[in-house]
Each structure stands twice: as C-alpha cells, then as structure tokens.
Amino acid sequence: MMAVNLAAFDLYWTEEDTIMASDIDGGNVTEIFNGENMHGFAVDVAVADDFIYWTDNAGVSDAGGVWRAERDGSNAELFIENDGNISNPQFLAIDDVNGKIYVSDWVNGIFVAELADGSGLANVANPAASNTGIALRGDDEILSLSAAGENTALYSTDVNTGSTSTVTTSLLGNHQQYGLVYAPDTDMAYVTNFADGTLVTYDFADDDVQYLRGGFSNLLGAKLSPSGTHILLVERGLGVSVYQISDGQVERIVPGDAHFGVAASVDPADIETFDDRILYRDDFSGGEPNGWFFEFEPAS
C-alpha cells in the first residue's frame, strides 16, 4: 500500500485498484493510493470532509469491502470488511447529517453502516438481482438502480422500514445503467447508461423519463457536485467529464484511464460553450426510442 502525503484534493476517481486525485480543473493529477493490498478493483469513490471512501470489488466468491483514507490518501484502511453479506460491493452514498454510509451490493442489495467507524453493518433492502447506483433522496429514502436483465429499473427504499417500490421501469436504452445522481433542487434523478453512452433523467414531479445528452463512451459512475451545479461523470478509458445542469454543456476535465467511480468536494467552474451536441428522438414504442441521432453545431 502506497500513499502520498499531500494536501487534500478537489476531485477523486478510480483507475482499477488505484485512487487518483487532482484539482477541480484537472491540474496536479496524483496517484494517492495504490491498492496492492486490495482484493479486487475500486468501483466507486465518495468524499466527505475528512475522508475518502471507496469500494473494493473482488467478485462474488472473494472478500471485498469498503476502504477509507484521509483526503490526501494517507492512513488507508479496510473500513468495512466483507462479513459474508457484502460480496460484490458497488456504489456508495454518504449521509453526513445522520452519520451513515450506504453501500450497494450487486447480489445482496443495500447496506448501511456507521460513518464514524464502519460499525453496525446491516442490510436495508435487496431491490434487484443486480444492484448498482445508489443516491439519497432526503433523510429517509434511498434510490437505487438495477443494471442487468429485463428488470432494469429505478427503485425507492424507505431506509427505516426497508420497504421498496419501483419508481420507473422506463429508463430507456440497453440494460446497463450504473451511475445514479439525485438533484434535490429540481427533484430529479440522473442515470448513466454504459452501453448507449447516454445520460437520462427522471423527473419525480412529472413522472417523466427523458434523454438529456448522448455521445458519451463507456459511461459509468456519476456524482453531484456539492452545490448541485454539475454532475461529474466517468467515461471508462477516456477520463472524467463534467455535465453542467443549467445548460447541458459538457467538458472533459481529466483525460486518461478513469475506470468506474468519481467524486468531488468543490464545484467545477462554469463551462463555456463547448459544443452543441443534442440528442434527438424520432419515435417511441413501448418506452424505447426507435431512432436517435446527434446534431453538432459550431460552438459560439
């Protein structure tokens, strides 16, 4: 295990079993953790005031868990050990107010533990056969995704009772939804599709699913910036990109071998007009687009 004792960073992402960090503009890229003691690869990374957390995914049959380190990557430790229940950890959500950390497991559902020390691990619910992205909606509700098979859906779970309901089964595109973001200011969820390279939104007020943006490649992890102005996105093998919620502009801020997860402790700067890539739909049948294409206009 290696760590670099530097000041805390703004942006964090995973590269296989390595945790990378940089300034929010992509400067000062640094490897802050080399996971030679990990069991597998890092799926997701999350950031709090003093620590970063990441999932160690070693597959169903081997031990995985959740790691924690200081914001500069130092003092890394296995924070939540695999106890036979978390067998294939995926994504993380942090509830700073109530001092909880939530972990999705591909096979066994959603778990919660104490943020202070990782104790009290308990299963909240198991909404799907392939649990991926999770996000908090208020203090008592957690949203989650399934990513494989015909049961791809967005779910809502009451964290107090474990009661789960299906929000929508119309997330559009192929069944490879992984990244999930919830924006409280607009009461909207954002979902990434790995196969299609699209960002989709679900509006809770209107019960409506829409394509927002296409043209991505190998789109996986997603996190909301602290003020809710941007969504950080991982395009596997290409780098970390930023989606600006106000106008849909996109910019890649860190090119490189990003793998799965991303998190930020500050908001990215406003994106100047980068391109006018628009995703058009020509028809829907059974909730799926029969055709869609991109139109590019010169940046202004």
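**Reading the terms**

A: We can begin with the contacts of the chain, keeping in mind that this is a predicted model: among contacts between residues at least 6 apart in sequence, 43% join residues at least 24 apart.

Q: Why is Ser225 called buried?
A: The relative accessible area of Ser225 is 2%, and buried means under 20%; Ser225 is therefore buried.

Q: Where is Ser225, and which residues is Ser225 in contact with, leaving aside its neighbours within four places in sequence?
A: Ser225 sits in the loop between S21 and strand S22 (230–235), and, with those neighbours left aside, Ser225 is in contact with His230, Leu232, Val266, Asp267 and Pro268, where contact means heavy atoms within 4.5 Å.

Q: What makes the pair of Ser225 and Asp267 a polar contact?
A: The side chains of Ser225 and Asp267 make this contact at 2.6 Å, and a polar contact asks for N or O atoms within 3.5 Å, one able to donate a hydrogen and the other to accept it; the pair therefore counts as a polar contact.

Q: What is the volume of the largest pocket, and which residues are closest to its centre?
A: The largest pocket has a volume of about 870 Å³, and of the 33 residues that line this pocket, Ile94, Leu136, Tyr182, Leu224 and Ser225 are the closest to its centre. Among the elements that give two or more residues to this lining are strand S5 (41–47), strand S9 (89–95) and strand S21 (219–224).

Q: How many residues of each class are in the lining of the largest pocket?
A: The lining of the largest pocket has 21 nonpolar residues, with six polar and six charged ones.

Q: What lines the second largest pocket?
A: The second largest pocket, with a volume of about 210 Å³, is lined by 15 residues, of which Lys100, Tyr102, Val112, Val159 and Asn160 lie nearest its centre. By class, its lining has five nonpolar, five polar and five charged residues, and the largest share, three residues, comes from S11.

Definitions and conventions
Residues numbered from 1 in each chain as written. Predicted model: local features only at pLDDT ≥ 70, side-chain atom pairs only at ≥ 80, totals over all residues. Heavy atoms only, no water. 1 Å grid on protein atoms, 1.4 Å probe; cavity = no way out; pocket = protein on both sides within 12 Å on 5 of 7 lines; lining within 4 Å. Points joined across faces, edges and corners; volume = space filled by probe spheres on them. Nonpolar A, V, L, I, M, F, W, Y, C, P; charged D, E, K, R; others polar. Buried < 20%, exposed > 50% of the residue type's maximum accessible area, 1.4 Å probe, protein only.
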